[in-house]
Amino acid sequence: MRGTRTASGWLRTAAGVVIVVVLLFPLYWMINASLQPGGALLRPNPDWLPVDGTFDGYRKALSTQGGPLLDSLVVAGGTVLVSLVIALPASYALAQLRFRGAQPLIFALLIVQMIPGIVMANSLYAVFSDLGLIDDYLGLILADSTATIPFAILVLRAFMLAIPRELTEAARVDGASYWRTFRSIIVPVSRNAMVTAGLFSFLFAWADFLFAVTLTTGRSIEPITVGIYRFIGNQSADWNAVLATAVLASVPAAILLVIAQRYVVAGVTGGAVKE
Amino acid sequence: MSRVARHLVLGSVAATAMLVVTACGPSPATESSGEPAGEISELDYYADQQGSRAWQQILDTCSRETGITINRQTVPTDQMLPKILKDASSRTLPDLVFTDNPTLQQIASTGALTPLTDYGISIDGYYDSIIKAGTYEGEVYGLAPGVNGLALIYNEKLLAEAGVEPPRTWQDLATAARKLSGGGKYGLAFSAIPSEEGTWQFLPFFWSNGAELSALDSPEAVEALRFVTELVDSGAASKSVLNWNQNDVADQFVAGNAAMMINGSWNLARLDEEQGLDYGVVPVPAPEAGTDPVVALGGEVGAIPATGADRQQAAAEVLKCILAEENMLAWDTAHAYVPSRKATAEKFARDNPAMRPFVTEVETARSRTAELGERYPKVSQALATALQAALAGERSPQEALAAAQREVGRS
Amino acid sequence: MTVVAQRPAETAAPVPRRRRRGTGRQRWVALAFLVPVLAYVVLFFGYPLVNNVSMSLRDYTVRSFYTGEAPFVGWENYAAVLRDPLFTEAVVNTVVFTVGSIAFQFGIGLALALFFAGRFPAGGLLRSLLLLPWLLPLVVSGAVWRWMLDQDHGVINAALRAVGLADGPTPWLTDPGWALPAVIIVNIWIGIPFNLVILHGGLRAIPQSLYEAAALDGAGPWQRFRHVTWPLLRPVTAVVLMLGLVYTIKVFDVIMVVTGGGPANATQTLTTWSYHLSFGGGFAFGEGAAVSNLLVLVATVFGLFYLRSARSSIAEAGT
């Protein structure tokens with residue numbers, strides 16, 4: 001806790017604020033634009049503050065985008081669950097157990113990530129339309145997981161490599177099965193990494209547009225990224241509503257982010273793995 | 001056996017061979033109860049709220065009139081064709097499709113569509129150009145409830161301040177645009193993005209000068225491209241046209257950054273909403289006085305895929321209703337399109353004087369696919385690339401178009 | 001957890017023996033733990049890959065979608081793609097885009113991670129805020145960037161003028177020479193949060209005691225970074241860079257929204273070109289598939305090369 005509330009600590013806070021302001025400027029610009037009439041920011045001297053604000057965009061967004069927001073939450077949450085359930089045991093095996101073929105498998109996981117999204121989406125559409133998974137939460141969750149599982153495995157495995165093998169093998173000596181070792185040592189110790197992997201899985205699924213637009217027809221479920229397209233036509237775009245929707249959509253996710261980050265900080269596993 | 005039915009049989013045989021595609025999909029040619037189905041699915045890309053609402057009203061009206069339930073799907077514009085192709089391969093095509101007219105022949109060439117005349121839909125009284133756009137190999141597969149074209153929209157106040165008359169010829173346009181430029185503002189805004197939208201905006205210059213899509217590197221074509229390039233080089237139009245789609249162009253116009261713009265009638269509703277903006281509309285300037293400009297015909301055509309006789313019959317009932325005069329007028333008024341039947345358009349222009357220049361233009365407008373059919377998209381892409389190369393200063397207009405012609409001739 | 005931490009010393013001796021004996025069984029155990037992911041890979045990646053390879057060897061047209069007829073043409077599509085004058089340009093653009101994006105995303109991400117590793121008031125909150133760009137759909141952030149980069153009225157050019165960094169307007173999106181740097185900047189902005197979070201996690205896993213020991217030995221900040229942070233961060237670095245490569249090389253939406261591949265193909269990468277070939281007007285689906293397969297191939301070669309040259313944790317793990 002050294003230096004937390006000293007002058008140098010506050011200096012760093014000030015520097016941090018500057019960094020955040022610079023990097024988040026596009027976001028501010030978006031909020032600014034969401035409160036001004038379309039095209040206002042293209043004027044020779046745009047208003048840096050939305051003084052003549054309009055809440056039109058927000059009115060439109062609120063009246064139509066409630067359902068899509070909920071759909072996105074379900075899909076993103078489901079994706080986190082599926083990704084972790086599949087990635088955790090795999091990462092344990094890849095990081096802690098000895099067998100041939102681990103390297104090719106990791107490599108394969110990376111390579112399959114390079115299949116362009118459109119190819120994946122089109123193929124999944126063909127499979128899903130046979131399985132009845134079009135317009136289905138499960139279908140979207142499974143599709144989004146294709147992007148998040150390899151990622152989650154890599155992150156979890158990298159963290160699990162840092163868990164000394166002696167730790168787990170000691171548990172084995174005490175008579176714990178592999179499954180129990182996994183459940184009662186690996187999983188709790190990896191909490192930090194799980195939050196990281198889960199967080200990004202959530203964000204992946206939240207921001208996905210390609211799968212969302214390909215695997216739904218707009219009849220029953222409609223993720224928020226597709227909902228935004230309601231305001232972008234081929235001949236006109238209601239940027240107020242688009243940006244307002246994006247702002248509103250960021251709110252629940254942002255809250256989740258902050259909470260998750262606290263959890264990362266709270267779950268300091270360094271102590272358990274130390275030396 | 002009709003050509004379509006033959007395609008279907010061949011299609012199902014091939015599909016059976018393909019593992020994944022098999023299970024679903026009705027076998028259309030066989031089950032004919034003679035009765036129209038009670039519900040159909042419909043696909044369109046009127047995704048923006050205003051357009052979506054107007055279209056929904058037409059669908060509601062026709063659902064009431066025909067007693068057929070319409071399940072509507074809307075996709076973003078650039079997802080339209082991928083979606084139709086996917087649906088075609090899994091035999092889950094919607095019963096009624098409204099697609100951009102230059103893609104119609106492409107879709108018809110798959111064999112998935114049925115001729116509208118099979119259902120007794122009349123093709124009389126329509127503009128020739130829209131019939132041509134909907135025709136593939138001698139059969140009409142698509143008809144539009146409304147069409148559109150580009151015109152020159154100008155800011156009355158800015159033109160009056162500069163003492164400039166709305167331009168009628170290229171010479172006028174160049175002079176006026178230069179006069180209206182300066183101080184971070186530009187005389188003219190248009191779109192030259194590397195896609196169909198860029199080609200569509202360039203075609204009025206290309207065609208009005210007598211160039212043809214079959215010879216992209218003709219002297220007339222080079223002259224047209226040189227004219228547009230000089231507008232940008234002289235600072236009469238921003239170089240950002242390379243990156244502006246038509247929405248952006250309208251934004252620039254509304255923001256007062258451009259005194260004139262090339263854009264479509266659908267913008268008028270939006271321009272009317274802007275307080276303190278007075279605008280006028282004239283046809284796209286022609287190369288010389290006394291000649292008529294030739295613009296490309298825009299608009300979405302309705303088509304009926306082969307999904308089963310009873311469903312097709314129901315889709316035809318709905319399409320007939322949409323094409324009926326009062327519904328056509330309602331849609332075109334709400335969406336600022338021009339009715340696709342001459343007589344209806346005449347009546348429409350009388351009631352909506354602001355639309356007069358667009359109605360006049362549609363009479364001479366050309367279908368983009370009339371000449372080249374399903375080869376059009378490829379040529380269009382090459383032309384858009386040439387436009388980009390010339391405006392970006394990568395190549396001279398001459399070289400850019402020669403390269404485009406080589407590209408098209410390559411296959 | 002304290003119990004756990006005490007164990008290693010007691011059991012250090014028997015471990016090697018057990019490990020030798022256990023190897024055969026461990027293989028089966030490992031397999032059991034891997035079953036879910038193996039099933040996933042086969043089900044969800046196998047089909048698209050096979051399908052795409054098959055498409056690239058056929059003359060696939062719009063007609064083929066409906067009729068299912070697509071004659072086998074062997075390597076014809078690949079030959080056509082390689083002959084295309086755009087091929088070289090797209091490859092060069094892809095390499096520049098990928099390398100440029102990763103280098104800066106990683107560099108900035110690491111600098112920020114180090115900065116936020118120290119504890120100071122509101123540090124955690126500020127760090128969380130930096131993740132916000134990730135929440136935005138690319139359609140939206142791309143459009144906002146397009147306005148900001150506008151040559152005449154964009155806020156970026158206005159800012160550059162105001163601080164005297166540029167005299168005239170920079171033609172970000174309209175000049176073939178500037179467009180690629182511009183989309184790279186946008187992509188860097190999008191990628192920073194990802195790099196930051198993972199590297200931050202990696203930094204936290206480095207025991208504080210090592211730094212304290214190094215400080216006692218008189219190591220300065222640079223030496224501590226050089227001899228403690230960097231080597232211990234390497235497994236995480238490897239993951240970040242590898243993932244950066246696979247995600248960046250196939251970036252699609254960013255480029256499509258910001259420039260659409262223009263001006264004059266200046267920002268056309270293999271991914272956007274593949275899309276253009278398929279849906280841009282030529283409807284050459286076979287060629288489009290060939291390009292995306294080439295992309296996978298190129299990336300595989302990249303990956304192998306990387307595995308060989310860098311003695312990364314990925315390489316070590318398999319042994």
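In this predicted model, the contact between chain C and chain A draws 91 residues from chain C and 94 residues from chain A. On the side of chain C that touches chain A, helix α2 (residues 15-56) of chain C contributes the most, with 20 residues. That side of chain C comprises 62 nonpolar, 20 polar and nine charged residues.

**Helix pair in chain A**

- Helix α4 (residues 66-96) of chain A and helix α10 (residues 191-207) of chain A have axes that come within 8 Å and cross at roughly 140°.
- Angles over 145 degrees count as roughly antiparallel; α4(A) and α10(A) are therefore oblique to each other.
- The crossing of α4(A) and α10(A) is right-handed.
- Residues making the contact include Ser72(A), Val75(A) and Leu84(A) from α4(A), and Met194(A), Phe202(A) and Trp206(A) from α10(A).
- The residues of this contact between α4(A) and α10(A) comprise ten nonpolar, five polar and no charged.

**Sheet in chain B**

- An open sheet of four strands in chain B has the order β9-β10-β8-β11, with mixed pairing.
- The edges are held by β9 (186-189) and β11 (279-283) of chain B; each has a single partner strand, so one side of each lacks a neighbour in the sheet.
- On average, neighbouring strands of this sheet are turned by 20° against each other, direction ignored.
- Strand β10 (residues 258-264) of chain B pairs with β9(B) in the parallel sense over three bridges, and Leu188(B) has Met260(B) in β10(B) as its bridge partner.
- Helix α10 (residues 246-254) of chain B lies across β8 (150-155), β9 and β10 of chain B and runs at about 150° to β10(B).

Key. Residues are numbered from 1 along each chain as its sequence is written. Chains are lettered from A and ligands numbered from 1 in the order in which they are written. This is a predicted model: local features need pLDDT of at least 70, side-chain atom pairs count only at pLDDT 80 or more; totals for chains, interfaces and linings use all residues. Axes are lines fitted to C-alpha atoms, for helices over the stretch in contact, and angles run from 0 to 180 degrees between N-to-C directions. Helices (H or I, at least four residues) and strands (E, at least two) are DSSP runs, numbered from the N terminus. Angles under 35 degrees count as roughly parallel, over 145 as roughly antiparallel, 65 to 115 as roughly perpendicular and the rest as oblique. A crossing is left-handed if the near helix is turned anticlockwise from the far one by less than a right angle, and right-handed if clockwise. Two residues are in contact if their C-beta atoms, placed from the backbone, lie within 7 Å. Ala, Val, Leu, Ile, Met, Phe, Trp, Tyr, Cys and Pro count as nonpolar, Asp, Glu, Lys and Arg as charged, and the others, Gly among them, as polar. Two strands pair if DSSP finds at least two bridges between them.
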